[in-house]
Amino acid sequence: MHKTLVLYPKPTDPNHFRDYYVTKHLPLVQDWPGVLAWRYSFDIVSINGEAPYFAVFEADFADADALAAARASEQGRRLAADVANYATGGVIVIDYPVT
């Protein structure tokens with residue numbers, strides 16, 4: 001299995017982020033080819049002070065090739081282009097195999 005982890009630093013407008021993310025961005029994830037499962041949270045807590053991230057998203061794929069194909073798909077390109085509509089604090093994407 002291969003995962004992609006998306007970390008979102010605090011946006012300039014947290015309410016807009018939450019609303020847009022849930023009502024417009026996540027519905028696009030449902031049609032992402034090859035995604036086996038996905039999850040997200042706005043309840044980010046740090047054990048050492050203030051959490052550096054506002055939200056987190058994680059998706060599972062069969063392998064690295066499946067993730068690459070999903071990103072290259074039309075839906076994957078739509079997802080990537082849509083990030084600018086809500087993630088004003090930036091975005092960090094990490095991919096890794098699960099062993």
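A crossing of two helices is left-handed if the near helix is turned anticlockwise from the far one by less than a right angle. In this predicted model, the crossing of helix 1 and helix 3 is of that left-handed kind.

**Helix 1 and helix 3**
- Helix 1 spans residues 14–29 and helix 3 spans residues 74–82; their axes lie 9 Å apart, and the two pack at an angle of about 160°.
- Helix 1 is therefore roughly antiparallel to helix 3, since angles over 145 degrees count as such.
- On the helix 1 side, Tyr20, His25, Leu28 and Val29 take part, meeting Gln75, Arg78, Leu79 and Asp82 of helix 3.
- By type, the residues of this contact are four nonpolar, two polar and two charged.

**Largest nonpolar core**
- The largest nonpolar core has 22 residues, and those touching the most other members are Tyr8, Phe17, Tyr21, Trp32, Phe57, Phe61 and Tyr86.
- Two or more residues each come from strand 1 (2–8), helix 1, strand 3 and helix 2 (64–72).
- Helix 1 gives the most to this core, namely six residues.
- Beyond its neighbours within four places in sequence, tyrosine 86 is in contact with Tyr8, Pro11, His16, Phe17, Tyr20, Tyr21 and His25.

**Glycine 49**
- The loop between strand 2 (37–41) and strand 3 (55–61) holds glycine 49.
- Glycine 49 counts as exposed because its relative accessibility is 53%, and the cut-off for exposed is over 50%.
- From glycine 49 to alanine 68, the C-alpha to C-alpha distance is 35 Å, with the two 19 residues apart in sequence.

Definitions and conventions:
Residues are numbered from 1 along each chain as its sequence is written. This is a predicted model: local features need pLDDT of at least 70, side-chain atom pairs count only at pLDDT 80 or more; totals for chains, interfaces and linings use all residues. Side-chain values use heavy atoms; hydrogens and water are left out. Axes are lines fitted to C-alpha atoms, for helices over the stretch in contact, and angles run from 0 to 180 degrees between N-to-C directions. Helices (H or I, at least four residues) and strands (E, at least two) are DSSP runs, numbered from the N terminus. Angles under 35 degrees count as roughly parallel, over 145 as roughly antiparallel, 65 to 115 as roughly perpendicular and the rest as oblique. Contact means heavy atoms within 4.5 Å. Ala, Val, Leu, Ile, Met, Phe, Trp, Tyr, Cys and Pro count as nonpolar, Asp, Glu, Lys and Arg as charged, and the others, Gly among them, as polar. Buried means under 20% relative accessible area, exposed over 50%, partly exposed in between (1.4 Å probe, protein chains only). A nonpolar core is a set of buried Ala, Val, Leu, Ile, Met, Phe, Trp, Tyr and Cys residues joined through side-chain atoms within 4.5 Å.
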